[in-house]
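I set out to record what could be looked up in this structure. The entries follow the order in which I consulted it.

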Amino acid sequence: MLLRGETIDAIRDGRITLLFRRWKTPRAKPGGRSRDARGVVEIVSVTRAERITPRDARAAGHASLAALREELARYAGEGEIYRVAVRWGGADPRAALRERAALAGGERDALAAKLARLDARSADGAWVARVLGAIARQPGVVSTTLAAQLGMPRPEFKLRVRKLKELGLTQSLEVGYRVSPRGRAVLGKLLGKRPPKREAATRSGE
């Protein structure tokens, strides 16, 4: 479930504990998590909203029930209204992982095996070193540009970057990405490539 930055901030501060969405089928489930650079939002429960009260509206960050209904009315015809209870889950564990550049012993071997599997499962050949290298050379460059340079469809490129992010190797910026300290260690040690010099971040629009 995608959340705007201001919504995540409000959940972190305790100002929002409920979200309301119109879905044909629920796009979130209890126990799920939404993560970004701010931290983790946990999904507590997802239920069909048979009735919405003014208190619910305030818990969802709206000044009144009428304001919440006005927002939901914009998506009329797109399904049922669901009540999603949320809570703050703390810092994103990937943030600490990104800083762990020391790769030794079993962790190094396990990470190398995971990256090898990513390459092996690709229909268009090995891609991990290519994607990491492109981001390391061009931090802050829009995904459309990087995908075109690598000859990859943009959705496929973004999916691959997300896989690397889960391993603590990349980090999303306001525009584009950068390779984390852990990612640079991977480029230098596991993939046998010298990490490229950092270039100035490009402020292209997404």
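I began with helix α6 (residues 128–137), where 8 of the 10 residues are buried; buried means under 20% relative accessible area, exposed over 50%, and partly exposed in between (1.4 Å probe, protein chains only). Helices (H or I, at least four residues) and strands (E, at least two) are DSSP runs, numbered from the N terminus. The model is predicted: local features need pLDDT of at least 70, side-chain atom pairs count only at pLDDT 80 or more, and totals for chains, interfaces and linings use all residues. Residues are numbered from 1 along each chain as its sequence is written, and side-chain values use heavy atoms, with hydrogens and water left out.

I listed the buried residues of α6, among them Val128, Val131, Leu132 and Ile135. I then noted that the buried residues of α6 pack against α5 (105–120), α7 (143–150), α8, β5 (170–172), β6 (177–179) and α9 (181–190).

**Arginine 98**

I found arginine 98 in helix α4 (residues 93–99). Arginine 98 counts as buried because its relative accessible area is 11%. Neighbours within four places in sequence aside, arginine 98 is in contact (heavy atoms within 4.5 Å) with Gly168, Thr170, Gln171, Ser180, Pro181 and Arg182.

**Lysine 163**

I located lysine 163 in helix α8 (residues 154–166). Its relative accessibility is 35%, so lysine 163 is partly exposed.

**The whole protein**

I recorded 9 helices and 6 strands. Buried residues account for 43% of the 206 residues. Along the principal axes, the C-alpha atoms fill a box of roughly 60 × 35 × 35 Å.
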